[in-house]
Amino acid sequence: QVQLVESGGDLVQPGGSLRLSCAASGIIFSSYPMAWYRQAPGNQRELVATITSDGATTYVNSVKGRFTISRDNAKNTVYLQMNSLKTEDTAVYYCNANWPPERDYWGQGTQVIVSS
């Protein structure tokens, strides 16, 4: 059974930092591209960052320079380091493992609230 479990979401003040973790099981983790998405109430789910099996990364423009995606294949875990957080970053953050067309896995989400 494939399982992605996010953790690390919290309430934080603007300018603060959080590190999200996503622990994967049931897949050959080192072979999978991984991604973080987020969704705020009333909004569509947004792709935030991706990382290939080789470690190449992409980011949505709004988080460039503030967020860093990384992975530890030995731990089957992908991370999202979030610095200089803004209120606009408030959302539920989801971990995704995707290998089209047959495999598309999601975690349950972890809540990030940025508020003073």
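Reader: Is Tyr 32 buried or exposed?
Author: This is a predicted model, in which local features need pLDDT of at least 70 and side-chain atom pairs count only at pLDDT 80 or more, while totals for chains, interfaces and linings use all residues. Residues are numbered from 1 along each chain as its sequence is written, and side-chain values use heavy atoms, with hydrogens and water left out. Burial is judged by relative accessible area: under 20% is buried, over 50% is exposed, and in between is partly exposed (1.4 Å probe, protein chains only). Because its relative accessibility is 5%, Tyr 32 counts as buried.

Reader: How many aromatic pairs are there?
Author: Rings of Phe, Tyr and Trp (its six-membered ring) pair if their centres lie within 6.5 Å; planes under 30 degrees apart are stacked, over 60 edge-to-face, and the rest tilted. By this rule the count is three.

Reader: What kind of aromatic pair do Tyr 32 and Trp 99 form?
Author: The ring centres of Tyr 32 and Trp 99 are 5.4 Å apart. With 85° between the planes, the pair is edge-to-face.

Reader: How many residues apart are Tyr 32 and Trp 99?
Author: Strands here are DSSP runs (E, at least two residues), numbered from the N terminus. Tyr 32 is in the loop between S3 and S4, and Trp 99 is in strand S9. The pair links distant parts of the chain, and its members are 67 residues apart.

Reader: What kind of pair do Tyr 32 and Tyr 105 form?
Author: Trp 99 counts as partly exposed because its relative accessibility is 43%. For Tyr 32 and Tyr 105, the ring centres lie 6.4 Å apart. The angle between these two planes is 45°, and the pair is tilted.

Reader: Which ring has the charged end of Arg 45 at 4.8 Å from its centre?
Author: A charge sits over a ring if NZ of Lys or CZ of Arg is within 6 Å of the ring centre and within 35 degrees of the ring normal. Arg 45 lies over the face of Tyr 94, at 3.8 Å from the ring centre. The ring at 4.8 Å is that of Trp 106.

Reader: Which residue stands opposite Gln 3 in S3?
Author: S1 and S3 run antiparallel and are joined by five bridges. Opposite Gln 3 stands Ser 25.

Reader: Which residues touch the most other members of the largest nonpolar core?
Author: A nonpolar core is a set of buried Ala, Val, Leu, Ile, Met, Phe, Trp, Tyr and Cys residues joined through side-chain atoms within 4.5 Å. The largest one has 28 residues. Elements that give two or more residues to this core include strand S4 (34-39), strand S5 (46-51) and strand S11 (110-114). The members touching the most others are Met 34, Trp 36, Phe 67, Val 78, Leu 80, Met 82 and Tyr 93.

Reader: Is Tyr 79 buried or exposed?
Author: Tyr 79 lies in strand S8. Leaving aside neighbours within four places in sequence, its contacts (heavy atoms within 4.5 Å) include Leu 20, Trp 36 and Ile 69. With a relative accessible area of 11%, Tyr 79 is buried.

Reader: Which peptide bond is cis?
Author: Most peptide bonds are trans. One has omega near 0°, and its second residue, Pro 101, is found in the loop between S9 and S10. The cis bond runs from Pro 100 to Pro 101.

Reader: What is the phi of Asn 76?
Author: Asn 76 is found in the loop between S7 and S8. Asn 76 counts as partly exposed because its relative accessibility is 26%. Its phi is positive although the residue is not glycine, with a value near 50°.

Technical notes:
Helices (H or I, at least four residues) and strands (E, at least two) are DSSP runs, numbered from the N terminus. Two strands pair if DSSP finds at least two bridges between them.
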